[in-house]
Amino acid sequence: MTVSNRLRALGMGLAAAALMVANAPAALAAYGRAENYQLGFQDSATALFSDVQWFHNIVLWLMIAVTLFVMGLLIYVMVRFNEKANPKPQHFHHNTTLEVLWTLIPILILVGISVPSFRLLYGQYTFPKADLTIKATGVQWYWTYDYPDTKGVGFDSYPLDDDTKNDSAALRAKGQDAPRLLAVDNEIVVPVNKVVHVLITAKDVIHNWNVPSFGVKSDGVPGRITATWFKAERPGIYYGVCSELCGAKHAYMPIAVRVVPQDVFAKWLDIRKAGGKGVDDKARAVIQASLATSNAHVATLSGATTAITQ
Ligand SMILES: [Cu+2]
């Protein structure tokens, strides 16, 4: 067992019950987006973000323990040593044991926190070999995506218009998943369980590419390239929003990443490579068809379960 694993096991044991309470709202949330009245993080789709959540919860409970301890001491001092209880002031001098303890214990706590903290930082900035690279360019106010491994594959990604044209409302009426202010016309499509490098830049002002469920967030700065990476472990649709104030329509440049099985991705990429008229519609159709198949599969499975239970 490595040190970090041991630390993790220890922390998990200590905080298991408490974590369940802290995670309850997140567990109820849909994958890949925030829910109304949600507390806590969005559900995680990458191992790295699960670690971030674990670390956050551990530090939170540690903070609660320290705060309660200090508050308890304060209350004790206020009750035990107030003017009424001690009409005649007493004088205290050094207490070496106490001084060593109140220096050493906080140091140990901080060193303990720093171990998983640096491990996470290292994980975020150590890029595994890429299976796929995407370039995201922020523009006032939409995103442009390129797949540099595949020459010529690139497209703009605009939010569906809900205020004037009711684009996403129309899709929802048809039973399609199109959350307001998050759904876009052209989603980024990536294969599941593959390492994806994202190169981020901007054309005009600073934007920020952010997908909470992947635990990634990076500024897109004009004239520079920043990078992040993720390995999504679950198919689905994952949303984010531009997270750097970038002008009037800052709130209207969402990010939508569609994680699909490798074969669906290959089909989608072939259509994108072929290009031509109506390529966006054809690419969307491939994804919708794959979703319809997997939904039918789930429906069959739950039908079978119902049959067994009955
Ligand atoms: Cu922006």
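# Exercises on a predicted model

Of the 310 residues of the protein, 24% count as buried, where a residue is buried if 20 or more other C-beta atoms, placed from the backbone, lie within 10 Å of its own, exposed if 12 or fewer do, and partly exposed in between. The model is predicted, and local features need pLDDT of at least 70, side-chain atom pairs count only at pLDDT 80 or more, while totals for chains, interfaces and linings use all residues. Residues are numbered from 1 along each chain as its sequence is written.

## Exercise 1: Overview

Find how many helices and strands the secondary structure comes to.

**Solution.** Begin with the terms: helices (H or I, at least four residues) and strands (E, at least two) are DSSP runs, numbered from the N terminus. With these terms, the secondary structure of the protein comes to 6 helices and 10 strands. Next, turn to contacts, two residues being in contact if their C-beta atoms, placed from the backbone, lie within 7 Å. Among the contacts in the protein with a separation of 6 or more, 65% are between residues 24 or more positions apart.

## Exercise 2: Two helices side by side

Check the spans of helix 2 and helix 3, and then describe how the two helices pack.

**Solution.** First, take the lengths, for which the expected span of a helix is 1.5 Å times one less than its number of residues. The 34 residues of helix 2 should therefore span 50 Å, and its end C-alpha atoms are 49 Å apart, which agrees. The 30 residues of helix 3 (residues 96–125) should likewise span 44 Å, and the end C-alpha atoms of helix 3 are 43 Å apart, which agrees.

Second, consider the packing. Two packed helices are described by the angle between their axes and the distance between the axes. Axes are lines fitted to C-alpha atoms, for helices over the stretch in contact, and angles run from 0 to 180 degrees between N-to-C directions. Helix 2 (residues 47–80) and helix 3 pack at an angle of about 165°, with their axes 10 Å apart. That makes helix 2 roughly antiparallel to helix 3, since angles under 35 degrees count as roughly parallel, over 145 as roughly antiparallel, 65 to 115 as roughly perpendicular and the rest as oblique. The residues that make the contact include Leu48, Val52 and Phe55 of helix 2 and Ile109, Ile113 and Leu120 of helix 3.

Third, look at burial. Helix 2 is hardly covered, with a count of 3 buried residues among its 34, and these are Phe49, Gln53 and Ile58. Helix 3 is also hardly covered, for the count of buried residues among its 30 residues is 1.

## Exercise 3: The sheet of three strands

Work out the order of the strands in the open sheet that 3 strands form, and state whether strand 10 is mostly covered or mostly uncovered.

**Solution.** Start from pairing: two strands pair if DSSP finds at least two bridges between them. The order in this open sheet is 4-10-9, and the pairing is mixed. Strand 4 and strand 9 are the edge strands, each pairing on one side only, and the twist averages 25° from one strand to the next. Helix 5 (residues 262–274) packs on the sheet, touching strand 4 and strand 10, and its direction makes about 135° with that of strand 4.

Now take the two pairings in turn. Strand 4 (residues 188–191) and strand 10 run parallel and are joined by 4 bridges, with Pro191 standing opposite Val260 in strand 10. Strand 9 (residues 236–241) and strand 10 pair in the antiparallel sense over 6 bridges; here Ile237 stands opposite Arg258 in strand 10, and Val241 has Pro254 of strand 10 as its bridge partner.

Finally, strand 10 (residues 254–260) is mostly covered, since 7 of its 7 residues are buried. In a regular strand the side chains alternate between the two faces of the sheet. Both faces of strand 10 are covered, with Pro254, Ala256, Arg258 and Val260 buried on one side and Ile255, Val257 and Val259 buried on the other.

## Exercise 4: One residue

Explain why Val260 counts as buried, and list its contacts beyond its neighbours within four places in sequence.

**Solution.** Val260 is found in strand 10, and Val260 counts as buried because it has 24 C-beta neighbours inside 10 Å. Leaving aside its neighbours within four places in sequence, Val260 is in contact with Val189, Pro191, Val192, Pro235, Phe265, Ile287 and Ser290.
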